[in-house]
Amino acid sequence: MVILMKQGVLAPDYLVDIQRNPELVNLKYSPKGVVVGASVTHRELEQWSGIKQRYVALATALRKVGNIRIRSVGTIGGNLAYGEPQCNLPTVLAALDSTAVISNGSEERVVPVLHFTKDIFDTELKPGELLKEIRIPEMPPRSDCEFIKFCSRTAEEKPAATVACWIQLEEEGLMCKAARLVVGAVGSRLFDCNTAAKHLLNTQLDDESELREVGEKAKNEIDPIDDLYGTTSYKREVCGELIVRAIIEAKERLIRKVVDHD
Amino acid sequence: MTEWTELELVVNGKCHRALVQPHWTLVKVLREVLGYTGTKEVCGMGVCGACTVLVDGKPISSCIELATRTTGRTIETVEGLASGGSLHPLQKAFLEKGGFQCGFCTPGVLMSAKALLNENESPSLDEIKEYMGGSQCRCTGYLQIIEAIIHASKSMGKHRSALTADAGFKGDSP
């Protein structure tokens with residue numbers, strides 16, 4: 001926002017700093033999951049042991065946001081409320097089935113993070129509303145998530161694509177019981193590749209040709225746009241490949257966890 | 001009509017009162033109002049790290065931080081590193097290891113390194129690279145900066161000696 005002010009794009013008459021509002025800096029863990037106040041910074045969340053231990057993909061996504069200085073000041077709520085499609089966090093938060101709690105001061109409503117950004121810089125927030133907190137559900141047993149951020153030019157730039165894959169195995173054995181595939185950064189919003197994800201169910205996720213078919217199907221569920229980071233066809237190809245890699249990485253980490261536990 | 005507001009800022013332990021416009025950035029106020037010209041503005045977008053100062057011990061990009069948001073907080077700039085006429089161990093290490101050439105990025109690099117060592121007394125090579133990855137230098141090629149940080153950490157008596165055994169990194173010269 002300050003960059004836009006310096007460039008003369010934004011010239012607000014009034015600016016209210018809400019970052020130190022005590023209601024917005026909650027960061028707490030409960031049996032239902034994690035509640036992250038909108039004013040919690042990326043760095044605070046990144047360093048919180050509850051995230052590092054339980055949500056590896058989210059920890060990865062957090063570390064890849066900007067640089068240490070951006071993460072020391074930038075907040076989780078600010079990241080989402082800005083509505084920029086190339087942000088890391090919405091992709092992985094959506095794959096983790098997280099929800100955003102919106103408040104107008106007297107009432108609250110809950111929106112899935114998957115649907116929070118409607119278009120470029122356009123979110124579910126209406127005038128008079130504030131994003132209060134993000135709720136991340138507890139990771140179900142025998143589940144894991146992988147996040148991949150792909151930058152087509154330099155590491156400092158915005159990504160061409162972000163992909164998050166969440167999978168859960170059956171109570172016994174290695175059969176996939178549930179899956180979510182979310183793609184971000186390629187277009188104006190997040191894309192839930194749920195049709196492709198259904199093809200992972202009741203498989204052991206060990207046949208690479210089947211996984212590549214899932215990647216191919218996912219390409220039809222995204223709507224990329226041409227921009228500086230890639231053409232639509234480039235982004236589709238990249239997403240197809242990233243989805244395969246995300247599934248494999250999530251599965252291998254999950255199997256290691258399951259084997260160690262058993 | 002131009003709005004002016006009086007701010008109280010604590011910089012390097014010293015209290016200052018400054019008359020500023022609400023939209024002024026911290027780097028502008030530090031340099032042009034308070035005279036702390038060690039901090040440099042380069043990219044103006046929070047990317048390069050040259051403008052890094054510490055606010056409540058955390059590294060921030062002063063070029064995209066409104067000065068009004070830092071009132072009531074402790075601000076540290078490169079001018080505050082030396083103490084009692086003696087250089088900070090980081091400054092000595094950067095001199096010894098050639099951690100700077102033109103010096104333009106150096107204040108920001110030093111402040112980021114200070115924040116790193118405050119947070120992690122004995123960072124590994126990967127931890128140094130990750131933490132310092134947001135500071136850009138066009139002169140040194142970064143190896144000397146990393147060596148200087150390791151050297152400073154050792155001279156502050158805290159570093160694990162195992163670091164010099166990291167593969168692909170020569171560590172201290174004999």
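A:S106 is exposed, with a relative accessible area of 66%. The value comes from a predicted model. A:T162 has 0% relative accessibility and therefore counts as buried. Chain A also meets chain B, and 19 residues of chain A are in contact with 27 residues of chain B.

**A:S106, an exposed residue**

- A:S106 sits in a loop of chain A, with β3 (99-103) on one side and β4 (108-112) on the other.
- Because exposed means over 50% relative accessible area, the 66% of A:S106 places this residue in that class.
- A:S106 and A:L58 are 48 residues apart along the chain, and 31 Å separates their C-alpha atoms.

**A:T162, a buried residue**

- Strand β9 of chain A, residues 161-169, contains A:T162.
- The cut-off for buried is under 20% relative accessible area, so A:T162, at 0%, is buried.
- Side chain to side chain, A:T162 makes a polar contact with A:T91 at 2.7 Å.
- Leaving aside residues up to four places away in sequence, A:T162 touches A:N88, A:T91, A:F147, A:I148, A:K149, A:V182, A:V183, A:G184 and A:A185.

**Area buried between chain A and chain B**

- Between them, chain A and chain B bury about 1800 Å², and 52% of this is on carbon and sulfur atoms.
- On the side of chain A, the residues that lose the most area to chain B are A:K6, A:R20 and A:R69, which together make up 33% of what that side buries.

**Polar contacts and salt bridges across the interface**

- Four salt bridges are found across the interface of chain A and chain B.
- A:R63 forms a salt bridge with B:E130, and their closest N and O atoms are 3.4 Å apart.
- Across the interface of chain A and chain B there are 14 residue pairs in polar contact, counting pairs with both residues at pLDDT 80 or more.

**The side of chain A that touches chain B**

- Elements of chain A that give two or more residues to this side are α1 (2-6), α2 (42-47) and α5 (68-73).
- Helix α5(A) supplies the largest share of the side that touches chain B, with five residues.
- Sorted by class, the side of chain A that touches chain B has eight charged, seven nonpolar and four polar residues.

Notes. Residues numbered from 1 in each chain as written. Chains lettered and ligands numbered in written order. Predicted model: local features only at pLDDT ≥ 70, side-chain atom pairs only at ≥ 80, totals over all residues. Heavy atoms only, no water. Helix = DSSP H or I, 4+ residues; strand = E, 2+ residues; numbered from the N terminus. Buried < 20%, exposed > 50% of the residue type's maximum accessible area, 1.4 Å probe, protein only. Polar contact = N/O pair within 3.5 Å; in protein donor to acceptor, adjacent residues only side chain to side chain. Contact = heavy atoms within 4.5 Å. Buried area = accessible area lost by both parts, 1.4 Å probe. Salt bridge = Lys/Arg side-chain N within 4 Å of Asp/Glu carboxyl O. Nonpolar A, V, L, I, M, F, W, Y, C, P; charged D, E, K, R; others polar.
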